Amino acid sequence: MSTTNTKRGPPKHQNKFAWKPKAGIKINETEVGGKFRPYSEITGVCPRCKDQIEWKRKYGKYKPLSEPAKCQKCSKRAVRQAYHNLCTACAKEHNVCAKCSRQVNRIVGRDITEVEAEQKMLEEAINNAREREKRTLLRAMNKAKLESSAAKTPSTDASKVGDLFTATSLDEYAEISRDDEDDSCNDEAQILD
């Protein structure tokens, strides 16, 4: 027999079902992490740290922040997500992960300012569109929300380009809709002449 204990093959006793945290405890749906107040999206961290935080959420070890924590770089109370050590401004400025403070090429998630800017662009495109196109856009957005909430997976809009709209970006869509309106006005003017 060898002195090192090397295991080979599957475990002797396989689990019949996955372990669930707080399986026998009734969950209040209005508490943070419940059905009506889900946890916020994990942003500003490297993929490794994101996996660690997701594991904590999955196995009942996650504890959300009750009040903002201090940033380790600027010492302001600006850290709003649990297990983060740096505020989003410092993490972006130094190009590091907000949890482990390591230099990273790829950061997971989007900043709140980016989301707000995209939302503003979308509202502007909707306001510039014709009524028929507005309703089509709103229907597509509502359908995407329903699908994403039902499947709990991020929707891939890049694969749907061309299915519903010919434009790949909101700016392009707004320009196309403006061109269509100009063409329809010119056609009506020619008919009246």
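What follows is a set of questions and answers about a predicted model.

Colleague: What share of the residues in the protein is buried?

Modeller: A residue counts as buried when its relative accessible area is under 20%. The protein has 193 residues, and the buried share of them is 18%.

Colleague: Which residues does Cys97 contact, leaving aside its neighbours within four places in sequence?

Modeller: Cys97 is one of the residues with the most contacts inside the largest nonpolar core. A contact requires heavy atoms within 4.5 Å. With the neighbours within four places left aside, the contacts of Cys97 are Gly44, Val45, Cys46, Cys49, Leu86, Arg102 and Val104.

Colleague: How many residues are in the second, separate core?

Modeller: This core includes Leu122, Ile126, Leu137 and Tyr173. The number of residues in the second core is five.

Colleague: Why do Trp19 and Tyr59 tie together parts that are apart in sequence, and how many residues apart are they?

Modeller: The rings of Trp19 and Tyr59 form a stacked pair, with 6.0 Å centre to centre and 20° between the planes. Trp19 lies in the segment before α1, and Tyr59 lies in the loop between α1 and α2, so the pair ties together parts whose separation in sequence is 40 residues.

Colleague: Is Trp19 buried or exposed?

Modeller: A residue is exposed when its relative accessible area is over 50%. For Trp19 the relative accessible area is 55%, so Trp19 is exposed.

Colleague: What kind of aromatic pair do Tyr39 and Tyr62 form?

Modeller: The ring centres of Tyr39 and Tyr62 are 4.6 Å apart, and their planes are at 65°. Planes over 60 degrees apart count as edge-to-face. The pair of Tyr39 and Tyr62 is therefore edge-to-face.

Colleague: Which residue has its charged end over the ring of Tyr62?

Modeller: Tyr62 is buried, with a relative accessible area of 11%. A charged end sits over the ring of Tyr62, 4.7 Å from its centre, and belongs to Arg57.

Conventions. Residues are numbered from 1 along each chain as its sequence is written. This is a predicted model: local features need pLDDT of at least 70, side-chain atom pairs count only at pLDDT 80 or more; totals for chains, interfaces and linings use all residues. Side-chain values use heavy atoms; hydrogens and water are left out. A nonpolar core is a set of buried Ala, Val, Leu, Ile, Met, Phe, Trp, Tyr and Cys residues joined through side-chain atoms within 4.5 Å. Buried means under 20% relative accessible area, exposed over 50%, partly exposed in between (1.4 Å probe, protein chains only). Rings of Phe, Tyr and Trp (its six-membered ring) pair if their centres lie within 6.5 Å; planes under 30 degrees apart count as stacked, over 60 as edge-to-face and the rest as tilted. Helices (H or I, at least four residues) and strands (E, at least two) are DSSP runs, numbered from the N terminus. A charge sits over a ring if NZ of Lys or CZ of Arg is within 6 Å of the ring centre and within 35 degrees of the ring normal.
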